[in-house]
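Please examine the structure shown here and work through the questions that accompany it.

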Amino acid sequence: MEKKHLFGVGIILTCLTGLFFLLGKGLLLDPNQKPTSHAHQAATGFTLEWIQGQDQMAPNKEPLTLSLFKGKWVVLNFWASWCSSCGEEAKEMEAFWSKYKDQDIVVLGVAVHDQLPAAKKFAAHFGKTYPLGLDATGKVSLDYGVSGVPETFLIDKEGVIQERIVGPVTLSMLEKKLHL
């Protein structure tokens, strides 16, 4: 009887030790550096409805696809008109675009679970001039594992995701991450 009791206590202590280890490990993680199943893998292709930028990026009226930007770094930013922190980052993203758009870098904004009129109004209000697309169904954001907006992916010239940034980004943050 006593051996059974000791064995049971041993199992409970082992389980609790494992639980505390996992909880402790989780508390040490940076919540802004969420892992993505796509890290260092090819970025998932997509086709979206244009919000703006078709005239400058797709003069032959091609659909908005990730492949339009092959050979360039892509700063893929998921946002929404109903997102207050997306407004905070909009000016920073625009400043980055204005500064680097002639250097094989493109900022591509994707409005998630939004309506076209609201997304256009938001873009105009915050002075967005970079290409924007609409992910009305949320499929693209799901494919990328987006857990909330804003969320940004840095995709290299070969089409490989190098980093995922959760939360608003700044001009200096992007410059640092892209070694500019």
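The questions and answers below concern a predicted model.

Q: Which cysteines form the disulfide of the structure?
A: A disulfide is a covalent bond between the sulfur atoms of two cysteines. The criterion is a pair of cysteine sulfur atoms within 2.5 Å, and here the sulfur atoms lie 2.4 Å apart. The structure holds one disulfide, and the pair that forms it is Cys-83 and Cys-86.

Q: How wide is the arc that the buried residues of helix α4 cover around the axis?
A: Helix α4 spans residues 116-125, and its buried residues are Ala-119, Phe-122 and Ala-123. An α-helix has 3.6 residues a turn, so residues three or four places apart point the same way.

Q: Which element gives the largest share of the largest nonpolar core?
A: This core has 48 residues, and those that touch the most other members are Val-75, Leu-76, Phe-78, Phe-96, Tyr-144 and Ile-155. The largest share amounts to seven residues, and the element that gives it is β4.

Q: Through which element does the chain cross from β3 to β4?
A: Strand β3 is mostly covered, with six of its seven residues buried. Seven bridges join β3 to β4, and the two run parallel; Trp-79, for one, has Ala-111 in β4 as its bridge partner. The β-α-β crossover between β3 and β4 is right-handed, and the element through which the chain passes is α3.

Q: What is the bridge partner of Val-75 in β6?
A: Strand β6 comprises residues 151-155 and runs antiparallel to β3, to which five bridges join it. Within β6, the bridge partner of Val-75 is Leu-154.

Q: What is the phi of Gly-127?
A: Gly-127 follows α4. The phi of Gly-127 is positive, near 70 degrees.

Notes:
Residues numbered from 1 in each chain as written. Predicted model: local features only at pLDDT ≥ 70, side-chain atom pairs only at ≥ 80, totals over all residues. Heavy atoms only, no water. Buried < 20%, exposed > 50% of the residue type's maximum accessible area, 1.4 Å probe, protein only. Helix = DSSP H or I, 4+ residues; strand = E, 2+ residues; numbered from the N terminus. Core = buried A, V, L, I, M, F, W, Y, C linked by side-chain atoms within 4.5 Å. Pairing = 2+ DSSP bridges. Right-handed = clockwise from strand over helix to strand, strands pointing away.
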